[in-house]
Amino acid sequence: MLENPISDKVNEDIGKERYPERIIKAGKDNNVFHFRTENHVLFSLDILTDDIIRFRYGTDGYHEPDFSYALSDDFERHIQELEWTETDRAYVIMTSHLNIEIAKRDTRATIRNKDGQILSKDEKGFHWIRNEEYGGDNVYMSKIAERDESFYGLGDKPTDFNLSGKQLTNWGSDTYGYDENTDPVYKNIPFYYSLYQGMGYGIFFDNSFQTHFDFASERRTVTTFWAEGGEMNYYFINGPQLMDVCKRYTLLTGTPELPPLWALGYQQCKWSYFPESQVRGICSKMRELRIPCDAIYLDIDYMDGFRCFTWDKEKFPNPKQMVSDFAEDGFKTVIMIDPGIKVDMDYWVFKEALEKDYFCKRMDGSYINGKVWPGECYFPDFTRPEVREWWSGLYREMIEDIGVRGVWNDMNEPALFEVESKTFPMDVRHDYDGHPCSHRKAHNVYGMQMARATYNGMKKLMHPNRPLVITRSGYAGLQRFSSVWTGDNIASWKHISIANTQCQRLSVSGVSFVGSDVGGFVNHPSPELFYRWVQAAVFHPFFRTHSSGDHGDQEPWSFGDEATDLVRQAIELRYRILPNIYTAFYQYSNFGTPMLRPLIFENQSNENIMNHSDECLLGDHLLACPILEEGASQRNVFLPNGNWYDYHQGIKYVGGKEIEYALSKEYVPFFVREGAVVPHYPMMQYVGEKPIEEVTLHIYFKKGKESSQFYHDDGDGDGHKRGEFLLSNFHLDGNEEQLIILQEIEGNLSPDFKYRVKCIGLPNPIKSVQVDGQVISESNVLELDANFKKMMISF
């Protein structure tokens, strides 16, 4: 190891940009390279894998303690090749996929692939400015931006999908009724993609202070990212495929465990359903009208004076019986819990936290006292492990006694009323898991650590059942603990488009379990806007209608009989294609693949879709094309490369181009990749209503080969961790005379269902069908054992 001297740079000019000087010493410790400069900068290069490189700079000759909330404990380092050499001008570190050149003169980095093509090149590179107000440094990294370079990612930004020309900030903010280009908003995910000449890479800037990103906005040939404190600490994540970048980033920051299957069903919410009789009426009408639904939500008005972990016994006199009755009818109850704890010495949660010294304090030792829904509140410091453990235990009665199945954490940016900043003062102190700091550093992780505490408590108290947590705010890696929604949006046609883009952006930012407030939270949608939004949200992993009661009713039946029928039809489609969404979640959980996949992630060499987010893929083979304009009678649809079948009409289209599609009220354009095997569950009013006795496979003919997956388990519990699941790998191979489907099965779950097969696009009528060597049918209606190994269809 290199020595670690403390520099004496205490009299530098405030406000002056400073840069690393010439490297005077270099060394290697296992997979970490250290470089020290004449002006005492310590620059470290950590090789995590052949494709993930960590860059870290300390301006005073040492690094801060190495700690991050973002990184997954399950991430595995693996390096195939690692060498380094020295030239007159540079040090060169080589992995099997990358060459990293570090200039001796000033530490600027140039990263090339093995063909010698430059992927990333520092412009000014690392530099810093001393922070006169707070101490420490504002740290900057600037890189050369090519004229046609595109940028993606950065979480929930409600702006153009391609971020080129934008300047954006991460600082979790309560943005009620946000609009297009509002910035910052709720989530803080400092990760972006670059795409240039068909080659992609990612940058993850792991710094929880307020961060900023300039994507060739101020200077057309420069991209800069910076933070208002902390270290310059970022990860270069190689592609060259954007999908590979996404998987590598997501595995670095962690994937979630599988949710309960019901959490992928339709969910109904409002601010607020009360009293109990109204909630019962909503659930009863849902079943009466045969509109599938799996969850009912209780917003803050179920509480006693907005005190978390309490019930208003006038509005909800017997919550245990109510929740039990809902469960009998297939409804899982989800409750809201906020971080603000009402200042009230007769309130057991407040009193206990006060006695244990669990609330956040300001620099002078006084408590942060802020107004939110209950009035004056104190706030737990969720960055303390013992506070998270205590918070986890507060859910015991709600879960073990009452029977609540999901928890919704709101207002956790953290948000405050009646203050200009809308959040804590910057002098509030946090433990930060043993690395004490001010709110400047902890603000962006506060919501994530609240969700973490909630998740850990639910997971323990509900075992073996799986928890559902929803959070409004969070930092990179939040996906390990929670699903998300896109916040307090507006009932407008512009916002259905914004939601469509936000969900895709979050999905490729590691957070695939995402949805919007269907229909809009603020204002009231027209019937057309509402049913079109439902039709769009069918393809979003988190599927929940939510609205503010100030603006009118927003249940599926609130917009007339025609809209009710259209909404029912859309939700029924969701339940039919549920196994595809669950399979996409399995892939996300195990391999880091995004559930929603923007078209550029499918065809990144196509310059015509660099800015495109109207359509997206759900999983491997489904292409969703929502209607984003009022009164539209047709829509231009861009189909990725290959051939695609219209799901509703069975017509085959040639991809790689845009088509005109005539619209219907009944459905949105929905396409399936040629060669796909698409499983369908039988129609149910809620997940688990009845045993699954038959799964219908839609098989889309292809002249050639294609592979598909179908994941199935009990839908809850932890049996899948012991191998009690079914993973069917279908391999299709078609020609002019026959279609062969091979099935390779993984897992120990014996299916209780049979397959019913429906073939789409066959060139001729079926002559015969053989399954595992036995002729079973000469018709188009095929039924077979779910354990089949080979099916051959001749025509």
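This is a predicted model: local features need pLDDT of at least 70, side-chain atom pairs count only at pLDDT 80 or more; totals for chains, interfaces and linings use all residues.
The strands concerned are strand 21, residues 332-337, and strand 25, residues 406-409, which run parallel and are joined by 4 bridges. Both belong to an open sheet of 9 strands, whose order reads 31-30-28-25-21-20-19-33-32 and whose pairing is parallel. At the edges of this sheet sit strand 31, residues 514-515, and strand 32, residues 517-518, each of which pairs on one side only.

Let me turn next to a helix contact. The axes of helix 2, residues 276-288, and helix 3, residues 319-328, come within 11 Å and cross at roughly 5 degrees. Because angles under 35 degrees count as roughly parallel, helix 2 is therefore described as roughly parallel to helix 3. On the side of helix 2, the contact is made by Glu276, Val279, Arg280 and Cys283, and on the side of helix 3 by Gln321, Met322, Asp325 and Phe326. Sorted by class, this contact has 4 nonpolar, 1 polar and 3 charged residues.

Now to the empty space inside. Rolling a probe the size of a water molecule over the atoms shows where such space is left. In this structure there are 3 cavities of 30 Å³ or more, and I will describe two of them.

Which elements each supply at least two residues of the lining of the largest cavity? They are helix 11, residues 578-591, strand 42, residues 677-680, and strand 44, residues 704-712, and helix 11 gives the most, with 4 residues. The largest cavity holds about 130 Å³ of space and is lined by 14 residues, of which Asn580, Thr583, Asp620, His621 and Gln709 lie nearest its centre. By class, that lining has 6 nonpolar, 7 polar and 1 charged residues.

The second largest cavity has a volume of about 60 Å³. Its lining consists of Phe306, Cys308, Asp338, Pro339, Gly340, Val372, Trp373, Pro374, Phe379, Met411 and Ala415, and by class these residues divide into 9 nonpolar, 1 polar and 1 charged.

Key:
Residues are numbered from 1 along each chain as its sequence is written. Side-chain values use heavy atoms; hydrogens and water are left out. Axes are lines fitted to C-alpha atoms, for helices over the stretch in contact, and angles run from 0 to 180 degrees between N-to-C directions. Angles under 35 degrees count as roughly parallel, over 145 as roughly antiparallel, 65 to 115 as roughly perpendicular and the rest as oblique. Contact means heavy atoms within 4.5 Å. Ala, Val, Leu, Ile, Met, Phe, Trp, Tyr, Cys and Pro count as nonpolar, Asp, Glu, Lys and Arg as charged, and the others, Gly among them, as polar. On a 1 Å grid over the protein atoms alone, a cavity is a set of points where a 1.4 Å probe fits but cannot get out, and a pocket is an open set with protein on both sides within 12 Å along at least five of seven lines; lining residues have an atom within 4 Å of a point. Grid points are joined across faces, edges and corners, and a volume is the space filled by probe spheres set on the points. Two strands pair if DSSP finds at least two bridges between them.
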